[in-house]
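Please look over the sequence and the three-dimensional structure shown next, and keep both in view while you read. The briefing that follows starts with a single residue and then moves on, topic by topic.

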Amino acid sequence: NAANFSVQGSGKTAVLIAAHLMFRADKNEKANSLFVVSPKNVFLAWEDEFNACLNKKSKLYKEGLTELSGSKKELKKKLFSGKRNFIINYEKLVTSLDLISQFLLDDKNKVHIVLDESHKVKSETAQRSQATLQLSTLPAVRKDILTGTPCPNSIQDINTQFQFLYPGLSYQENRFRFFVRTTKRDLLSSGLKITKSKDIKRTFVHVPMSEPQISLYKLVRGDLISLINKKKKISFSKYRDIRRSFMRLLIIASNPLILTKKQFENGEFYYGDRLQMNLHKALIKEAQEGGSPKIQYACEMARKFASEGQKTIIWSYFKNTIESLGKYYLKDLNAEYIHGGVEIGSEDEFDTRKYKIKKFKDPDSDCKVLIANYASCAEGISLHHVCHNAIYIDRSFQADQYLQSEDRIIRLGNDNQKNIFILQSKMPSDLQNIDVAIKNALERKVAVMSDFLRVLRLV
């Protein structure tokens with residue numbers, strides 16, 4: 001069993017498919033079934049790799065991968081239909097482990113189990129982590145894990161992933177022997193086309209906040225400070241309130257109307273008094289005039305690139321921001337948007353995820369902008385051939401999502417210059433800046449992972 005921690009876009013899926021074909025041909029350790037667990041948005045990448053890597057006449061290509069979705073009855077029918085190769089998302093694994101266990105315990109099934117984007121099970125207490133650890137104890141010919149970001153928060157992120165491969169063994173004693181990594185340096189030295197570091201231009205753009213934004217930010221920040229200072233010991237419920245306040249600060253720095261509009265629609269306006277009703281009206285006026293300062297800047301840059309014949313991907317954490325940009329602010333650029341509410345569907349089904357990605361990737365399409373959130377598009381799609389510009393309206397504290405999102409346009413097979421614009425709110429110096437806090441946290445987490453890989457001479 002082993003891990004492939006190669007950089008994004010280096011071909012981990014292709015290598016895994018090749019390895020699986022070897023195990024199918026191995027007389028001593030013969031596999032006849034491939035079982036992949038991955039985030040739902042990575043299903044597209046597996047489908048693409050099967051089409052790109054396999055001979056159309058090969059048995060594996062003809063068998064294909066069956067998606068384990070639907071009701072429990074439907075899932076059972078698929079599992080025991082005689083098909084051999086399956087793909088399932090982590091959430092479905094949690095609710096279907098009993099049926100999957102039956103399939104794996106059947107002696108005629110010699111299964112090769114794969115966790116793709118295995119950093120998704122980094123938290124030892126999460127349900128999906130517990131489900132994969134139970135899966136690891138069942139019979140399998142081989143187990144593999146794939147991710148380019150193995151420890152996005154801390155070195156401890158490795159523990160659950162290693163336990164999946166080798167239950168009961170110590171990671172610390174075996175850390176030099178259980179994984180491989182193809183680095184960007186390896187790809188460059190091979191003469192392959194890949195974007196070099198010098199060709200990646202990251203620009204932090206400091207966007208001044210509007211007066212209504214600053215007023216609302218001060219109110220929420222005051223609440224947050226009050227929560228932290230009330231008690232030295234923070235209870236779980238208090239921790240939840242603190243987390244909610246951090247999220248509110250992030251919303252205000254990005255698109256404050258989301259916060260006030262939500263409160264207003266629930267019948268309780270934010271903070272309730274007449275002054276805040278006026279604040280809400282000011283934010284509505286701002287939205288009607290082109291959106292928050294960050295949204296306006298993102299739109300200006302997207303239009304600039306479109307006028308030069310270039311495409312742009314815009315990232316945001318928030319569904320409302322994504323839809324506002326796609327439906328209204330960037331309608332003139334025939335923008336498409338993707339978030340968790342957009343079904344995967346097929347390339348021929350209007351308004352599905354596959355349809356939108358195909359439309360954006362078509363070099364002759366008049367769709368010049370794709371707006372997406374990290375959970376839906378940060379993994380599993382390649383945009384590097386048609387898109388060289390990324391704009392981040394906001395980011396979260398999750399380093400894996402940010403790193404993965406960057407690599408949608410920085411991948412093997414393209415050496416064009418890439419422009420990455422990270423928008424940060426500019427606010428009075430006496431206010432702690434949530435965007436700067438996120439920037440510092442992400443840099444720390446990325447440094448931890450880089451040090452881990454460097455120690456193993458694998459950067």
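D351 is partly exposed, with a relative accessible area of 38%, where partly exposed is the range between buried, under 20% relative accessible area, and exposed, over 50%, as found with a 1.4 Å probe on the protein chains only. The model is a predicted one, in which local features need pLDDT of at least 70 and side-chain atom pairs count only at pLDDT 80 or more, while totals for chains, interfaces and linings use all residues. Residues are numbered from 1 along each chain as its sequence is written, and side-chain values use heavy atoms, with hydrogens and water left out.

**Backbone angles**

- Most residues other than glycine have a negative phi, and most peptide bonds are trans.
- D351, although it is not a glycine, has a positive phi of about 70°, and this residue is found in the loop between β10 (336-338) and α16 (353-361); helices here are DSSP runs of H or I with at least four residues, strands are runs of E with at least two, and both are numbered from the N terminus.
- E117 is likewise a residue other than glycine with a positive phi, in this case near 50°, and its place is in the loop between β5 (111-116) and α6 (127-136).
- With a relative accessibility of 9%, E117 counts as buried.

**Helices and their packing**

- Two packed helices are described by the angle between their axes and the distance between the axes.
- Helix α5 (residues 90-105) packs with α6 at an angle of about 15°, their axes being 9 Å apart; that makes α5 roughly parallel to α6.
- In these values the axes are lines fitted to C-alpha atoms, for helices over the stretch in contact, and the angles run from 0 to 180 degrees between N-to-C directions.
- Angles under 35 degrees count as roughly parallel, those over 145 as roughly antiparallel, those from 65 to 115 as roughly perpendicular, and the rest as oblique.
- The crossing of α5 and α6 is left-handed, a term used if the near helix is turned anticlockwise from the far one by less than a right angle, whereas clockwise gives right-handed.
- The axes of helix α14 (residues 293-307) and helix α15 (residues 319-329) come within 12 Å and cross at roughly 50°; that makes α14 oblique to α15.
- The crossing of α14 and α15 is right-handed.
- Helix α7 (residues 158-165) is largely enclosed by the rest of the structure, because 6 of its 8 residues are buried, namely I158, T160, Q161, F162, F164 and L165.

**The cavity**

- A search of the whole structure finds 1 cavity of 30 Å³ or more, a cavity being a set of points, on a 1 Å grid over the protein atoms alone, where a 1.4 Å probe fits but cannot get out.
- The largest cavity has a volume of about 60 Å³, where a volume is the space filled by probe spheres set on the points, and grid points are joined across faces, edges and corners.
- Its lining, made of residues with an atom within 4 Å of a point, consists of Y392, I393, D394, R395, I422, L423, Q424, D435 and I438.
- β13 (418-426) and α19 (434-455) each supply at least two residues of this lining, and β13 gives the most, with 3 residues.
- The lining residues of the largest cavity divide into 5 nonpolar, 1 polar and 3 charged.
- For this division Ala, Val, Leu, Ile, Met, Phe, Trp, Tyr, Cys and Pro count as nonpolar, Asp, Glu, Lys and Arg as charged, and the others, Gly among them, as polar.

**Pairs of residues**

- V436 lies in helix α19 and is partly exposed, with a relative accessible area of 33%; the C-alpha atoms of V436 and S425, 11 residues apart along the chain, are separated by 8.5 Å.
- S382, in the loop between α17 (374-377) and β12 (387-392), is 373 residues from G9 in sequence and 8.0 Å from G9 in space, C-alpha to C-alpha.
- K122, found in the loop between β5 and α6, is buried at a relative accessible area of 18%.

Terms used. On a 1 Å grid over the protein atoms alone, a cavity is a set of points where a 1.4 Å probe fits but cannot get out, and a pocket is an open set with protein on both sides within 12 Å along at least five of seven lines; lining residues have an atom within 4 Å of a point.
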